[in-house]
Amino acid sequence: MTKRNTIYDALKTGVEQRGYTLGERLSRTKGASGSLVFKADDANGSPVVLKVGSYGLLDSLDVDDVEKLDEFRRREREVLKLAGKHPNIPDYVEDFTIEGDHLPISVLAMEYLGLPSIYDKISRGEKVSEEEARVLLRE
């Protein structure tokens, strides 16, 4: 079993213990922050987004990269908590860490907005105006 499969299995078990059911993967590639994004359902069946980060997903475990990643995730949580009810910023739900035999996995749970990505629109053959592309790419 690969390291990534081990991380995924630990993630699935860890989020289930928190009352979430892991669903489809929303991000198509691993981000520079070593994060993957999944749609999930909470204990009430409501959709949420789980942004998952693990040092095992990073390309480098350089101390500077790890410190930058920790700071990035801290700031991201704070922005979500402070944003209030902005229509284009998801509400913060919670964040937690899954510990185990693997590297720690940090999970940031946030509201699922259900807005289409520019990738989805273009994949469906929809035309995207220059202004809409700017807005979607900025978000």
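## Glu 94

Glu 94 is buried, with a relative accessible area of 19%; buried means under 20%, exposed over 50% and partly exposed in between, using a 1.4 Å probe and protein chains only. Glu 94 lies in strand E4. Helices (H or I, at least four residues) and strands (E, at least two) are DSSP runs, numbered from the N terminus.

The model is predicted: local features need pLDDT of at least 70, side-chain atom pairs count only at pLDDT 80 or more, and totals for chains, interfaces and linings use all residues. Residues are numbered from 1 along each chain as its sequence is written, and side-chain values use heavy atoms, with hydrogens and water left out.

The side chains of Glu 94 and Tyr 20 are joined by a polar contact of 2.7 Å. Such a contact is a pair of N or O atoms within 3.5 Å; within protein, one must be able to donate a hydrogen and the other to accept it, and residues adjacent in sequence count only if both atoms are side-chain atoms. Residues up to four places away in sequence aside, Glu 94 touches Arg 18, Tyr 20, Val 107, Leu 108 and Ala 109. Contact means heavy atoms within 4.5 Å.

## Tyr 92

Tyr 92 is also placed in strand E4, which covers residues 92–98. Tyr 92 counts as partly exposed, at 26% relative accessibility. Its side chain makes a polar contact of 2.3 Å with the side chain of Asp 95.

Beyond neighbours within four places in sequence, Tyr 92 is in contact with Arg 77, Leu 80, Lys 81, Leu 108 and Ala 109. Met 110 is 18 residues from Tyr 92 along the chain, yet their C-alpha atoms are separated by 4.7 Å.

## The largest nonpolar core

A nonpolar core is a set of buried Ala, Val, Leu, Ile, Met, Phe, Trp, Tyr and Cys residues joined through side-chain atoms within 4.5 Å. The largest has 17 residues; Leu 11, Val 15, Tyr 20, Leu 50, Ile 98, Ile 105 and Val 107 touch the most other members. Helix H1 (3–17), strand E2 (35–41), E3, E4 and E5 each supply at least two residues of this core. H1 gives the largest share, four residues.

Val 15 touches Tyr 20, Leu 22, Leu 50, Phe 96 and Ile 98, with residues up to four places away in sequence not counted.
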